[in-house]
Amino acid sequence: MTQYSFPDNFLWGAATSATQTEGSIAHDGKSDNIWDFWFKQCPNKFHDGVGPTVTSDFYQQYHNDIQLMRKLNFNSFRTSLSWSRLMPDGENINPQAVDFYNDVIDDLLLAGIEPIINLFHFDMPMHLQNKGGWENPSIIEAFSHYAQTAFELFGDRVKRFTTFNEPIVPVEMGYLNTYHYPAVVDMKRAVTVAYHSMLASAKAIEAFKELNTDGEIGIILNLTPSYPRSERKEDQQAAHIADLFYNRSFLDPSVYGYYPKDLIDLLDQYQLLPERVDGDEALLKANTVDFLGVNYYQPRRVKHRDEPIDETILTPESFFSYYQDPQRRMNPYRGWEIYERGLYDIAMRIKAEYNNIPWYVSENGMGVSAEERFMNDEGMIEDDYRIEFYQEHLKWLHLAIDEGANCFGFHTWTFIDNWSWLNAYKNRYGFYRLDLTTQERSLKKSGLWYSDVAKRNGFSY
Ligand code: BGP
């Protein structure tokens, strides 16, 4: 048996987001975000017709849920603030939202759980989306005003904030395919959305630094290592381009404060560069992150694209193709590849190419359908597949840390089964099973296992 011990003060916990757990979407002054609006407009767009109204009801049940986290020996937990709850009209602060988030933060601290607070997790307030959302440059000021408000309200107790969770996702899902609102396909607009997100992140970081607190600010990125099909120059170039679009377009401005030259040249060549104004470069350069959160689910396997580029409908995939490695192992429910070593590769890359900046695994998890199949006589779901999934990722992470990776924690996705943007409750990820009829939470075997890992700061295998 090998003992896998993690560094002192390593963070153990889970992540989630406001929209996926809070519910109460029209309560206590909250205004609509794009999800609330879209669900009202087109419920059929949502899996099983289930929208963000059906959640684990964190808005009402946070106290109980935090006790459950404590039982699992969490020492940290990440969720997001709902922008449309905290500032329903973008200007005025909603006192009921302040009370709610204050209570959540205080409860977490009382339970010995560090709150990590994220500001944006896919949930643009509708009144801002109506003005163009991330496309309109005025969003940069609006976001930094919201961010500053959050820092002032909660920064006395929250020591780690993050500006965004996966900023590529609203770009990709909302502007390159039609899964998220506003569901358009337009690469030029997508690039603008990505650019404004990065400027907004930098502006929020500037506001944070001006407050001069003892806290830290980071960003959460879903990094997808891009592996070329072969050593051929063309496949390598395809992997390089996939990496530019999906990783480095957020990683480089966040950590270095500037964009990769290859990316700028490529966008320029296809007239895709966003409008830039004086001061943008300096803003990015001066406001880089203190730490990174890395969400890791799966890699990208890419190859040279043989078909000619159709300039009338450009997307990142105009410049490379995907291929399926016959050896790969899949999570058949979510359709994502399981490749644990990818986490090690990310860790080594951050060490070698990104100044070994402090980072933590901010999401990693396995969504599985129809888990009631695995329920034992005592009513516990025996999700050994999930335990194995985490164990294998943690082994690679442990090796990376041994080799000098500056990783300070591991958060799973997620704590209680939660609502998913595209799949509602089809794939479950939680340590606790959520009964949607009774709201009952029941511990899965993986939760029991994780509580032990968190307690012992590691595991033996
Ligand atoms: C991440 C998101 C989460 C969560 C998770 C699982 O990309 O940050 O919000 O949804 O993926 O994905 P899904 O719910 O689509 O299975």
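In the protein, 77% of the contacts with a separation of 6 or more are accounted for by residues 24 or more positions apart. The structure described here is a predicted model. Its secondary structure comes to 15 helices and 19 strands. The radius of gyration is 21 Å, close to the 23 Å that the globule rule gives for 461 residues, so the protein is as compact as a globular protein of that length. Taken along the principal axes, the box filled by the C-alpha atoms is roughly 60 × 55 × 45 Å. Buried residues make up 49% of the 461 residues.

Eight strands form a closed barrel in the order β2-β3-β4-β5-β6-β8-β13-β15, and the pairing is parallel. From one strand to the next, the twist averages 25 degrees. Strand β2 (residues 11-15) and strand β15 (residues 407-412) run parallel and are joined by four bridges. Within this pair, W12 stands opposite F410 in β15.

R160 takes part in both pairings: R160 in β5 is the bridge partner of I116, and E216 in β6 is the bridge partner of R160. Six of the six residues of β5 are buried, so this strand is largely enclosed by the rest of the structure.

Helix α9 lies across β4 (114-120), β5 (160-165) and β6 (216-222). The direction of α9 is at about 165 degrees to that of β5. Helix α9 (residues 187-211) also meets helix α7 (residues 138-154), their axes coming within 8 Å and crossing at roughly 35 degrees. The crossing of α7 past α9 is right-handed. On the α7 side the contact is made by I139, I140, F143, S144, A147, Q148 and F151. On the α9 side, the contact involves H196, L199, A200, K203, A204, A207, F208 and L211. Classed by residue type, this contact of α7 with α9 has eleven nonpolar, three polar and one charged residues. An α-helix has 3.6 residues a turn, so residues three or four places apart point the same way.

Helix α2 (residues 34-41) has I34, W35, D36 and W38 buried. These buried residues of α2 pack against α1 (18-21) and α6 (126-129).

Strand β7 runs parallel to strand β9 (residues 300-303), and three bridges join them. In this pair, R301 in β9 is the bridge partner of Y227.

Terms used
Residues are numbered from 1 along each chain as its sequence is written. This is a predicted model: local features need pLDDT of at least 70, side-chain atom pairs count only at pLDDT 80 or more; totals for chains, interfaces and linings use all residues. Helices (H or I, at least four residues) and strands (E, at least two) are DSSP runs, numbered from the N terminus. The radius of gyration is taken over C-alpha atoms; the globule rule is 2.2 Å times the number of residues to the power 0.38. A residue is buried if 20 or more other C-beta atoms lie within 10 Å of its own, exposed if 12 or fewer, and partly exposed in between; C-beta atoms are placed from the backbone. Two residues are in contact if their C-beta atoms, placed from the backbone, lie within 7 Å. Axes are lines fitted to C-alpha atoms, for helices over the stretch in contact, and angles run from 0 to 180 degrees between N-to-C directions. A crossing is left-handed if the near helix is turned anticlockwise from the far one by less than a right angle, and right-handed if clockwise. Ala, Val, Leu, Ile, Met, Phe, Trp, Tyr, Cys and Pro count as nonpolar, Asp, Glu, Lys and Arg as charged, and the others, Gly among them, as polar. Two strands pair if DSSP finds at least two bridges between them.
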